[in-house]
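Student: I have a structure open and would like to learn how to read its features. Could you take me through them step by step?

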Amino acid sequence: MRPAAQRARTDIAFPYRIDRRGRTAHARYDAHVRGLIEQLLFTGPGERVMRPDFGCGLLDLVFTPNSPELASALELSVQAALQRWLGELIEVESLDVVSEGNAVRVSLQYVVRATGARRDEVFEGRGAE
């Protein structure tokens, strides 16, 4: 058996679910961090009990008229939220937020601090139609 320091780190899977054994499902640490980012991006402020300021509220802005100013404001808002809530877990390398119709697409390049893994992810959310 490998020493604990060399074993792959796992955490709770997102979305939360029960595995085949009837226990809480787990995911590799990098996948867990991706799930945390997704939760942060698409949670609106006020949705989370006991953490009313958690989230970005991106989906609230889906139907706002698109403009360069809105894109800049969204990127600043997302960057600030990532730094505040996940700054100990990830280092953001690049961020691009695009709003098209009723969808918001976030392209994010980041490094998972604990593993050193460099990730390039796209998160997409849609407003109600």
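Student: What kind of link do the side chains of Glu-93 and Arg-118 form?

Tutor: They meet in a salt bridge, with 2.5 Å from N to O. The term stands for a side-chain nitrogen of Lys or Arg within 4 Å of a carboxyl oxygen of Asp or Glu. Glu-93 belongs to strand 3 and Arg-118 to strand 5, so the pair ties together parts that are 25 residues apart in sequence. Before we go on, note that this is a predicted model, where local features need pLDDT of at least 70 and side-chain atom pairs count only at pLDDT 80 or more, while totals for chains, interfaces and linings use all residues. Residues are numbered from 1 along each chain as its sequence is written, and side-chain values use heavy atoms, with hydrogens and water left out.

Student: How are helices and strands picked out and numbered?

Tutor: They are DSSP runs numbered from the N terminus: H or I over at least four residues for helices, E over at least two for strands. Strand 3 covers residues 90-100, and strand 5 covers residues 118-126.

Student: How many salt bridges does the structure hold?

Tutor: There are nine. One of them joins Asp-19 and Arg-21 at 2.9 Å, N to O; Arg-21 is exposed, at 56% relative accessible area. Another brings together Arg-34 and Glu-38 at 3.1 Å, N to O. These two are four residues apart in helix 1 (residues 29-42), so about one helical turn separates them. Arg-34 is partly exposed at 22%, and Glu-38 is partly exposed at 28%.

Student: Which residues are linked in a network of salt bridges?

Tutor: The network takes in Asp-30, Arg-34, Glu-38, Arg-119 and Glu-121.

Student: Now the strands. In what order do they form a sheet?

Tutor: Two strands pair if DSSP finds at least two bridges between them. Here three strands make an open, antiparallel sheet in the order 3-4-5. Strand 3 and strand 5 are the edges, each pairing on one side only. Strand 3 and strand 4 share 10 bridges, and strand 4 and strand 5 share nine.

Student: Is strand 4 mostly covered or uncovered?

Tutor: Mostly covered: of the 10 residues in strand 4 (residues 103-112), seven are buried. Tyr-110 lies in this strand and is buried, with a relative accessible area of 0%.

Student: What does Tyr-110 touch?

Tutor: Contact means heavy atoms within 4.5 Å. Leaving out residues up to four places away in sequence, the contacts of Tyr-110 include Val-33, Arg-34 and Ile-37, as well as Val-92, Glu-93, Arg-118 and Glu-121. The C-alpha atoms of Tyr-110 and Glu-121 are 8.4 Å apart, although the residues are 11 places apart along the chain.

Student: And how many aromatic pairs are there?

Tutor: Rings of Phe, Tyr and Trp (its six-membered ring) pair if their centres lie within 6.5 Å; planes under 30 degrees apart are stacked, over 60 edge-to-face, and the rest tilted. The count is one aromatic pair. Phe-54 and Trp-85 are edge-to-face, with 5.1 Å centre to centre and 70 degrees between the planes. Phe-54 sits in the loop between helix 1 and helix 2 (68-86) and Trp-85 in helix 2, so this pair links distant parts of the chain, 31 residues apart. Phe-54 is buried at 9%, while Trp-85 is partly exposed at 21%.

Notes
Buried means under 20% relative accessible area, exposed over 50%, partly exposed in between (1.4 Å probe, protein chains only).
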